[in-house]
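Subject: Structure for you to look through

Dear colleague,

I am passing on the structure we spoke about, and below it I have written down what was found. Please have it open while you read.

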Amino acid sequence: MEFFLQLLVNGVCIGLIYGISAMGFVMIFKASSVINFAHGELLAAGAFFFFTLTAWAGVPVYAAFLLTLAASFILGFIVERLFLRPLIGEPLIEVIMLTIGLSSLFKGLMLLLWGGNLYTFPDFLPESLSLRFGAITIPPVYTGALVIGIFFLALFGLFFKYSSQGIFMRSVADNQTAALSLGVHVKRVFALSWGIAALVAAISGITLGIMNGINVHELSSIGLKVFPVVILGGLDSITGAVIGGILIGLLETFTGGYLSTSLKDVVPFIVLVIVLLIKPYGLFGLVEIERV
Amino acid sequence: MRRLTFHPCGNYKERYEEELKVFSTDFGRLWSAVGIVILFAVVPFISGPYTLYILNMVGIASIAAVGLNILIGFTGQISLGHGAFLGVGAYSAAILATNLNMPCWISIPSAALITALVGMIFGIPSVRLKGLYLTIATLAGQFIIEYLLVHWEDLTRGTMGITLPAASILGIDVAGDRNFFFLIYVSLGLTVWTAVNLIRTKYGRAFIAIRDNDRAAEGMGIPLFRYKLLSFAVSSFYAGFAGGLWAYYMVSVTSEPFNLLLSVEYIAMVIIGGLGSIAGSIYGAVFITLLNEGLRLGTDLLMNMDLFPEVGLNIAPIRELVFGLAIILFILFEPKGIAEVWRIIRSSFRLWPFSY
């Protein structure tokens, strides 16, 4: 029972991080219908930037965090401007292939800069964050991840609901042409959504890094794990992404705990195929009606 | 003999059969024949083992790339699992050859058939899914197959890999780069011939109709499910064939090469070569294989020169970087690939001095 509860807690914590990284992915997809294969690399870029600032440059943690967020936002912005903007209106395969190319490019760059080793962040979380409920303990990194996760989830919820840019983004996601005719600067919304997505990716990269340490290969493979999450939740639903994230996190930790650790990484994809066969647009996704 | 035909300076085609011709002029036919003669009678005897090795890798990659182009370029179904299908072919050939003692001229086609079946299984989601969702489903297929290749140990011997017996066709040993050159390039010739002709039949036209608009194609009486499955089957047949050849050529099979990166490499070949062009797939295969080899040689050279002894120069990151850059540059500047560049060069010669 204790083992079960411990797995439950771990699963929810990891799942929440998956949910947050999926949120950035969904944001790009909703705004510009681009499926981003380079999401894992954006995640890793954020985590490594933060690592360089804190461990090598000795910048205080909070300043480093804010700097990383700003840098990731700019990175996302530049990526959209340079690579995705020329492809607006081009066929799907070219866009997919471009993001695959981007992921390869970024991964190569990061491997050149930081190498393929595992690094750990300097310890900055206070020991008092460790929670105990009876027999199960939540280590401070998990609590920290949980707090950061919930905080940013709430923040983005409010951003989309009340800020004008958030409303613009939702309107573009809802109907691009209508938004354009009502005076929404659609291109700016695309750029903004890439910026915010990169920022969200950096947050999840940093939290994952606090939990498991950072490694280019590990972090960029998270970008692929986003797919089962978003398919489960529906490609265009942000709440769906979070719920899907938690479900996949639970699924992974339980398979890892009870069945086998090697099966852990494949199970999400098996579930993905099953979900796609039963409900092709995910649990919370919008059913597309297509006309010839 | 009738007179040689030249390119007319306009479109004078009157019947549909003229559209369907493989060679629009006799010069095309002539040069292809000359090319084939040079390929088989001259090239293998003047090139050294290293050149032959590269040529063989290009040949194997071309077979698989032609298959992927039928799926992506002609049917419009994006697959991220082609590398895994290649692995299925390689493992099937290896298992058939070791467990059932099949000679290679049976085991390679059987491996291709098995791969076609597996491909059809992973093509089933294409009934209901398209575009992004199908891409993600094939991505899942890639991971599931990769997992099975490593963990189905009774069949695949896990991480140990399988060593194949030497290939022999009707008592003649196929060993060494030169013999494999003939095996691989005869297979390539056959597969390209089949692919070119497949595209001209009603099946090929149905594929193209599905690519252009699948709902409209269905409205015109093309059974979508059957044709999409057929396309997956043909494409994985090619992948399986290439995988079987690969297994025999490399002598031993492990699961490592058949990862997502290989699938991405094949998509890159198809895009860089030219979507919807059989010749383009071969250009792409040549480009990517040479790029890989060139990068390997380049990094070796840099390491030997010891210019930056403190930098542990490693091929993997540079390869990923250049690879990604090549894909991005091609998509941004020449989305139709090398086939289009080649067409422009040719037509500017033909239209000289009025080329545009």
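How many residues of chain A are in contact with chain B, and how many of chain B with chain A? In this predicted model, 34 residues of chain A are in contact with 37 residues of chain B. On the side of chain A that touches chain B, the helices α4 (92-114), α9 (216-233) and α11 each supply at least two residues, and the largest share, 16 residues, comes from α4(A). Sorted by class, that side of chain A has 26 nonpolar, 4 polar and 4 charged residues.

Within chain A, helix α10 (residues 238-259) packs against helix α11 (residues 267-278) at an angle of about 130°, with the two axes 9 Å apart. Because of that angle, α10(A) is oblique to α11(A), and their crossing is right-handed. The contact is made by A:I248, A:L251, A:E252 and A:T255 on α10(A), together with A:V267, A:P268 and A:V271 on α11(A), and it has 5 nonpolar, 1 polar and 1 charged residues.

Within chain B, helix α5 (residues 82-99) and helix α12 (residues 224-250) pack at an angle of about 55°, their axes lying 7 Å apart, which means that α5(B) is oblique to α12(B). The crossing of α5(B) with α12(B) is right-handed. Among the residues that meet there are B:F85, B:G89 and B:A93 in α5(B), and B:G240, B:G244 and B:W246 in α12(B). The residues of this contact divide into 12 nonpolar, 8 polar and no charged.

With best wishes

Technical notes. Residues are numbered from 1 along each chain as its sequence is written. Chains are lettered from A and ligands numbered from 1 in the order in which they are written. This is a predicted model: local features need pLDDT of at least 70, side-chain atom pairs count only at pLDDT 80 or more; totals for chains, interfaces and linings use all residues. Axes are lines fitted to C-alpha atoms, for helices over the stretch in contact, and angles run from 0 to 180 degrees between N-to-C directions. Helices (H or I, at least four residues) and strands (E, at least two) are DSSP runs, numbered from the N terminus. Angles under 35 degrees count as roughly parallel, over 145 as roughly antiparallel, 65 to 115 as roughly perpendicular and the rest as oblique. A crossing is left-handed if the near helix is turned anticlockwise from the far one by less than a right angle, and right-handed if clockwise. Two residues are in contact if their C-beta atoms, placed from the backbone, lie within 7 Å. Ala, Val, Leu, Ile, Met, Phe, Trp, Tyr, Cys and Pro count as nonpolar, Asp, Glu, Lys and Arg as charged, and the others, Gly among them, as polar.
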